[in-house]
Amino acid sequence: MNKHAQPELKAARIAGGVATAQRHDSAHKHVTGTAVYIDDMPEPAGTLHGCLGLSTATHATIRSMDLSAVRAAPGVVDVLTAEDVPGENDISPTGLHDEPILAEGKVQFHGQPVFCVIARTREEARRACRLAKIEYDDLPFITDVAEADPVKPRLVTAPLTLKRGDAAAALAAAPRRVKGQMRVGGQDHFYLEGQIALAIPGEDRDVTVYSSTQHPSEVQHMVAHALGVPNHAVTIEVRRMGGGFGGKETQGNQFAALAAIAAKRAGKAVKIRPDRDDDMTATGKRHDFLIDYEAGYDDEGNILGVDLRYAARCGFSADLSGAVTDRALFHCDNAYYFPAVKAVSAPLYTNTVSNTAFRGFGGPQGMVGIERIIDEIAFALQKDPLEVRRKNFYGTDTRNVTPYHQMVEDNIIARIVDELEKSSDYRRRRRQIAAFNTNSDIIKRGIALTPVKFGISFTATVFNQAGALVHVYTDGSVHLNHGGTEMGQGVYIKVAQVVAEEFQIDLDQVKITATTTGKVPNTSATAASSGSDLNGMAAQNAARQIKDRLVDFASEAHGVAKDQIVFLPNRVRVGNQEIPFAELVKQAYDARVQLSAAGFYKTPKIHWDREKGQGHPFYYFAYGAACSEVSIDTLTGEYMVERTDILHETGRSLNPAIDRGQIEGGFIQGMGWLTTEELWWDEKGRLRTHAPSTYKIPLASDRPKIFNVTLADWAEANEPTVHRSKAVGEPPFMLALSVLHALSDAVASVTDHRICPRLDAPATPERVLMTIERLKTMRVEN
């Protein structure tokens, strides 16, 4: 090579490719109010509106139901009961046939839908619902898992047991042991856009439903079953949701099915949008758990064995409770190695609304249990909890097998924690807080640094697949469709970036389109943090098929070798010439080259044997850590989060701006779950926290006063994920464990950290105050 030759000028990057910070595709519409949600869509002429009639009994047989006044009410066009379902009166997502669309003969929770009014206006439908006369014969009910039969509790689905080693022997031989119970509360999704469905009848058996759902294919199946028609007669479409968080994975089925039934009966469009109270009453939530734990450990704080039982309030039907409680066990280790472990789930039946998917899908509850054990050990040994955490981290070459027998092959938690400990100045601040607490009688401070290791993949192997459809038009613009649904998390923009990168065209040349079962069939839910992983790979596959055809065409048409064809930003080098991308596409079209492709992807390596409790259910793990500092008022229990530092890894981030937003939002939502968001049922089994007036989500003013979020820019997925990126939807949620443990640390200061506070969640100001008073009493007694 001639050393004096001028180097070739490096081409500029495309605008909006992968690994660049791009705004959410609808961000400007969100803030200006121009983003179109289902309730914003122009209604077809004559659109009718539905409202659910909810049970006023908690567990009862229906003695009689007089709906004559409802039918005679002004504006009422139709009233649906279970008898009016033409197909199957069931929306059970797991095929257990235990979740009726409308109750039939018996109700199993207060607020269960019993009938549905269809009227000319939403107001008329709501008013008519109140005129129903239903007589019940009450039955015994149970709303709290603590009330379940300890010997033979009623389960909604089969429990899971994970075993590795001999936990009983390890506990018996351990020099130290701790045993206890922890209660972890549930959480309402509180999506900004509530549940909604707009059904428009078509020819013959056809119906199109615009549904606010994370799982269009499941809604399609449920509507088809309810109508008694094939899947091909039902089309589900969703452009965007105003939040989902798991609450729109299965919960939209009921509203879509009823809207579709009513629409086909009336021959008119039907919209159902419950108000916030009905939405919160009739839809499932995060599972609350009662965790029984026993651990054996040595004088250095090394865990030797654990025995765990996770009992969950599942509600009256299975919904997704089996998978949720399974995943709780999958994450009962968090980032820690257990030499011996036994963990069992107990998905318990209760006369409450059936709980469902929620960000983390049981993983957060699983992690809460082991973090309590870490605290218990630290207090017993009078050590810094971070020291105990570090001692028990998974290793790399050894101490790297999970309770479900998967080897942890990508462990970076030690580096994450080391870097965060340094960047957050944890050690110095911990000393300062101790000095502050010594001189402050009323205000106490606390600090905690907690890790997160979260498994990525659907544990049901079948769902780890995705499809995409890509069209390239003759002007070089691209149409993109895939099975992922957009709920604000940014999956649309990320997948569009992947396609833009593949073709080497600017992002604005890729058209994002609404998710619809009419274009990409048999899709999985946008859940399990897998939306970008699965759909990004499927779209990449489709784009590469088209690229291969373009390369083949260019090679033949221009007489050059395939390796001499290179896609450059907005152009293609073919031998010694550069052709604009759009021009090459037009040439290919003229030569009758197919410019459309259906892409597909299935996650490799994963497998799971539930009967054995063994397998490789996760493709990889995502890691992060958070350090939080709080201050509490010991007279009132009120508190503030003074500072939070987060270091989280997303592999080679597809879009750092989107990922940072997910980390910040996930942390705040997790903080709400562990602090202020409390679900409360009264003695009659009625949910009383069913509106913003009684259910407190975090406000902007509740965020940490100092909030530092950093992406680990050195991280890269060890598996060949899409551009070596990692999932980011769920893992940051668990970073909020640092707030719960910082509160515990502050509470413990009233007894000079000699007694583990055993602070349950949510740690509301009331619970913090009661814990402080309990510790003061224990100090006096001791």
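Author: Let us begin with a term: a nonpolar core is a set of buried Ala, Val, Leu, Ile, Met, Phe, Trp, Tyr and Cys residues joined through side-chain atoms within 4.5 Å. Please note that this is a predicted model.

Reader: Which residues touch the most other members of the largest nonpolar core?

Author: In soluble globular proteins, nonpolar side chains tend to be buried together. Here the largest core holds 159 residues, and Phe503 and Phe581 touch the most other members. Helix α14, spanning residues 531-558, is the greatest contributor to this core, with eleven residues. Leaving aside residues up to four places away in sequence, the contacts of Phe503 are Val470, Val472, Val478, Ala543, Ile546, Lys547, Phe567 and Phe581. Another core, of 35 residues, lies apart from the largest one and includes Ala82, Ile118, Ala224 and Leu258.

Reader: How is the second largest pocket lined?

Author: Rolling a probe the size of a water molecule over the atoms shows where empty space is left. The second largest pocket holds about 960 Å³ of space. Its lining comprises 43 residues, with Pro93, Thr94, Leu320, Ala460 and Phe463 nearest the centre. By class, the lining has 17 nonpolar, 18 polar and eight charged residues.

Reader: What radius of gyration does the chain have, against that of a compact globule?

Author: A compact globule of 782 residues would have a radius near 28 Å, and the chain agrees, at 28 Å. Of these 782 residues, 62% count as buried.

Notes. Residues numbered from 1 in each chain as written. Predicted model: local features only at pLDDT ≥ 70, side-chain atom pairs only at ≥ 80, totals over all residues. Heavy atoms only, no water. Buried < 20%, exposed > 50% of the residue type's maximum accessible area, 1.4 Å probe, protein only. Helix = DSSP H or I, 4+ residues; strand = E, 2+ residues; numbered from the N terminus. Contact = heavy atoms within 4.5 Å. 1 Å grid on protein atoms, 1.4 Å probe; cavity = no way out; pocket = protein on both sides within 12 Å on 5 of 7 lines; lining within 4 Å. Points joined across faces, edges and corners; volume = space filled by probe spheres on them. Nonpolar A, V, L, I, M, F, W, Y, C, P; charged D, E, K, R; others polar. Rg over C-alpha atoms; globule rule 2.2 N^0.38 Å.
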